[in-house]
Amino acid sequence: PSLQDSILFVEDKIQEELALEMAFEGNRYHDLMRIAIRRDDNAYLAEKVAKNHPDDYNTIKDKLMTREHWFIK
């Protein structure tokens, strides 16, 4: 394990805790966005959001893989 692996592990644990604490406050999307941008990994957000929509998982994931679709215009 490297330092980067440790950092990613801690970030994931923090995100899990935030998910439990803020599940009904509507703030989770922005936390996922912040981590995805920091990691430069669009799939991080896309997979977590799409997981909540099993019928349209692939459609939502594909759309969210492009950052311009993360924001309302």
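Val 10 sits in helix α1, which spans residues 3-21; helices here are DSSP runs of H or I with at least four residues, numbered from the N terminus. The model is a predicted one, so local features are taken at pLDDT of at least 70 and side-chain atom pairs at pLDDT 80 or more, while totals for chains, interfaces and linings use all residues. Residues are numbered from 1 along each chain as its sequence is written, and side-chain values use heavy atoms, with hydrogens and water left out.

With a relative accessibility of 44%, Val 10 comes out as partly exposed, a label for values between the buried class (under 20% relative accessible area) and the exposed class (over 50%), using a 1.4 Å probe and protein chains only. Together with Phe 9 and Ile 14, Val 10 makes a nonpolar surface patch of about 290 Å². Patch members have over 30% relative accessible area and no salt bridge; nonpolar side chains (Val, Leu, Ile, Met, Phe, Trp, Tyr) are joined within 5 Å, and like charges within 9 Å. The areas themselves come from the Shrake-Rupley method with a 1.4 Å probe, and for residues only the protein chains shown count as cover.

Now for the charged pairs. Searching the whole structure turns up seven salt bridges, each being a side-chain nitrogen of Lys or Arg within 4 Å of a carboxyl oxygen of Asp or Glu. One of them joins Arg 38 to Glu 11, at 2.4 Å from N to O. That pair links distant parts of the chain, as Arg 38 belongs to helix α2 and Glu 11 to helix α1, 27 residues apart. Glu 11 is buried, at 11% relative accessibility, whereas Arg 38 is partly exposed, at 45%. Both residues also belong to a salt-bridge network that takes in Asp 12 and Arg 39.

Where does Asp 40 lie? Asp 40 is in the loop between α2 (28-39) and α3, and at 63% relative accessibility this residue is exposed. The backbone there stands out a bit: most residues other than glycine have a negative phi. Asp 40, though not a glycine, has a positive phi, near 55 degrees. The Asp 40 side chain meets that of Arg 67 in a salt bridge, 3.1 Å from N to O. Arg 67 is in the segment after α4, so this bridge ties together parts that are 27 residues apart in sequence. Arg 67 is partly exposed, with 28% relative accessibility.

Helices α3 (residues 42-50) and α4 (residues 57-64) have axes that come within 8 Å and cross at roughly 150 degrees. The axes are lines fitted to C-alpha atoms over the stretch in contact, with angles running from 0 to 180 degrees between N-to-C directions. The α3 and α4 crossing is right-handed, meaning that the near helix is turned clockwise from the far one by less than a right angle.

Glu 47 is in α3 and Lys 61 in α4, 14 residues apart. Both are partly exposed, Glu 47 at 36% and Lys 61 at 22%.

Key
Helices (H or I, at least four residues) and strands (E, at least two) are DSSP runs, numbered from the N terminus.
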